[in-house]
Amino acid sequence: MGCGTSATAVTHRETPETAMKAAVLIQRWYRRYMARLEIRRRYTWNIFQSIEYAGEQDQLQLSSFFTYMLDNFTQLNGNGPDLISQLLDPVLDPWFDRETCYKTISIPESYTGPRISFPLSVSDTNALLSAFKEQQVLHARYVLQLLFETKKLLKEMPNIIHLSTSYTKEITICGDLHGRLDDLLLIFYKNGLPSAETPYIFNGDFVDRGKKSVEVVILLFAYLLLYPDHMHLNRGNHEDHIMNLRYGFTKEVMQKYKTHGREILQLFQDVFSLLPIATVIDAKILIVHGGISDQTDLEMLNSIERHKVKSALRFPRHSLEQLDIGQSHRLGKRMRSTDSSHSSRSYTENHRTPSLSGASTSSSSSSSSSCSSLCSPRTPSCISPQTYPSSPSTPHNVLQVPFLDSLCSVPLPSPPQQEQEWKQIVDILWSDPKTQEGCMPNTFRGGGCYFGPDITQRLLHQHRLQLLIRSHECKQEGYELCHDGKVITIFSASNYYEEGSNRGAYIKLGKELVPRFYQYQVSRTTRRLTLTQRVRVAEGSALRALKEKLFAHRSELMAAFQQYDQNETGCVSVGEWAKVLESVLRLDLPWRTLRPHLVHLAPDGSVEYQSSFEDVGPGAPLPQVAPNLAETLFRYRTDLEIIFNIIDKDHSGLISIEEFRHTWRLFSAHLGVAIDDSAIDELARSIDFNKDGSIDFTEFLEAFRVVHKLDMKEQLSQKMGRKKYS
């Protein structure tokens, strides 16, 4: 009894000191644990964002190539611009001249989807909400009628919408939705349906990436028609028919509306070009999708004929023959074959920061602003314009062009009005803020600019504004403040990259103009996951995407590794490995931190660089193609699919062998690589499995999809399991 009491007393005396030490140890462990988790979360985010922006660069390269070919060449192997002119300069179907053309489309009695009438009523929008929740599809006739009515309404609207909070308690501002219907429905559930008492501003990027873009944009247009004074839509960079080719909206429309899909897409193109490009609240808050530049002019933006800019990726015509070089030095026909982007690029290099660097962004097309840019096309080597170095004494406001046996100095003109207006819209739709002062080309995305706090302050002061609200960038918490609180980014698509990767948010503004943020996350599983589990899921998805990127650039990476591995040991140092990945992929990632997830180390601490590719492989047995051609297909699979979709006018998924050859002519010209015609013919014959003269292009592309070997093992085990119990 006494011993027990004595032991208890000793333990009691030691408790405070022991407890303090334990608390310190636990706190120290927890801080380290959270720090490591934060590092993982941040590099996961960097991977997702870098790959996303690399894809946007590829799209800009492809669209600028289309523009270049259309503007500068009458044919490419007999079939160049004819294929792409329908995409960039589509000829309007006379069927669209009749505003009641949709009445010729009958609705069968078997149709069980929502039925609506015009002008729309609250019961119609409620019917749409209920139908879309039940996975129903609105009939093509109603879609066309809705788009025609929306087009008529938007034609009457100015480029910049001016709103006042004096007529309502609060205005709700939402960012990118990207086809996430669940996010839109959750916003309506939490904040209320659009009405006179609950006005909304949706700040662009309604479509692409998500699987419910059609439903999202139909609901937004329906509420716009129902409450034109209380529902407001700004245009985003994805309200663009060329962007829609890569990011899914075009494919979604054609899958849901096989008969009238082309007519619906053409109307969407018109409607998107008529969307307002900015909104101003109480003359104090400017709302645009992307951002601004040092040349953003709200007066010019307000006077632009915005419907003429069908695509911000469609470059205006601009060639050297527009330059005034004097009567005695006319260059005539010789100059007409010069790359139009060369003159724009030369103008850029003489006025501001260096152009884009790297293989994937060989040059930049400048904006009339001192910072805006869009990627220039990959020009076939046989038709690339020759560049001429300027002498040190050459003034910066002239261009050196060849004339006879010498160079002639040409005064640089002001960009044409059409080009200035186009570049104003590019800056508004594509730009991003940065912490550094000044304005420079947005080389990360390939379009628009980076604008600093000084650019923000100058524009706000010039127009007596106090705040800029924009979207365009996914943020982990759904929103972010920068530039001393003068710029707010709002993003409303939760789980954008992966389940649990980010929250969505919206802003509410009252008469005091103080923003209040509301966050949410659409997920049935995320709530059940711990923070560590959420990070692990997102990290795994990001690393898978990164490994696919490595596999698609395998030959380039191997060649670069072998330059450091002169003795053919199969190993390089960690520093050399990181340097190679950065120079080839240009993703600006913390490669040393990511190294344990991507490669194995040799016993001496060097990197076994071939292990970078061991976890991934082709998705199906490859057709008989040369290894270098196969890798080209892996890397540019999306570009090839876009070119194919232009040729496949009926979206049947089948093209003739001759159309297949035409696809490759455009594709090889876009990449600037020589692909032998005989190799293409052999490839075409090998994939024409039933020898009927047509090719299932979708099946062909599936063979060049990168698949992770772990997934393949799981699929194989599932098949074996099914056989076992069958």
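What share of the contacts in the chain with a separation of 6 or more comes from residues 24 or more positions apart? In this predicted model, such residues account for 73% of those contacts.

**View 1. Overview of the predicted chain, with its helices and strands.** The secondary structure comes to 24 helices and 25 strands, and of the 726 residues of the chain, 54% count as buried. The chain exposes about 33,800 Å², of which carbon and sulfur atoms supply 51%.

**View 2. An open sheet of 6 strands with mixed pairing.** The strands follow the order β1-β5-β6-β14-β16-β15, and the twist from one strand to the next averages 20°. Strands β1 (160-163) and β15 (479-482) stand at the edges with a single partner strand each, so one side of each is left without a neighbour in the sheet.

**View 3. The pairing of β14 with β16.** Strand β14 (residues 467-470) and strand β16 (residues 487-490) run parallel and are joined by 3 bridges. Within this pairing, Leu468 stands opposite Val487 in β16.

View 4. The side chains of His289 and Asp205 are joined by a polar contact of 3.2 Å. Leaving aside neighbours within four places in sequence, the residues in contact with His289 include Asp176, Asn203, Gly204, Arg235, Gly236 and Asn237, and also among them are Ile428, Leu429, Arg470, Ser471 and His472. Of these, Arg470 belongs to the span of β14 (residues 467-470), the strand shown in View 3.

Note on methods. Residues numbered from 1 in each chain as written. Predicted model: local features only at pLDDT ≥ 70, side-chain atom pairs only at ≥ 80, totals over all residues. Heavy atoms only, no water. Helix = DSSP H or I, 4+ residues; strand = E, 2+ residues; numbered from the N terminus. Buried < 20%, exposed > 50% of the residue type's maximum accessible area, 1.4 Å probe, protein only. Contact = heavy atoms within 4.5 Å. Areas by Shrake-Rupley, 256 points an atom, 1.4 Å probe, with all protein chains shown as cover. Pairing = 2+ DSSP bridges. Axes fitted to C-alpha atoms, helices over the stretch in contact; angles between N-to-C directions. Polar contact = N/O pair within 3.5 Å; in protein donor to acceptor, adjacent residues only side chain to side chain.
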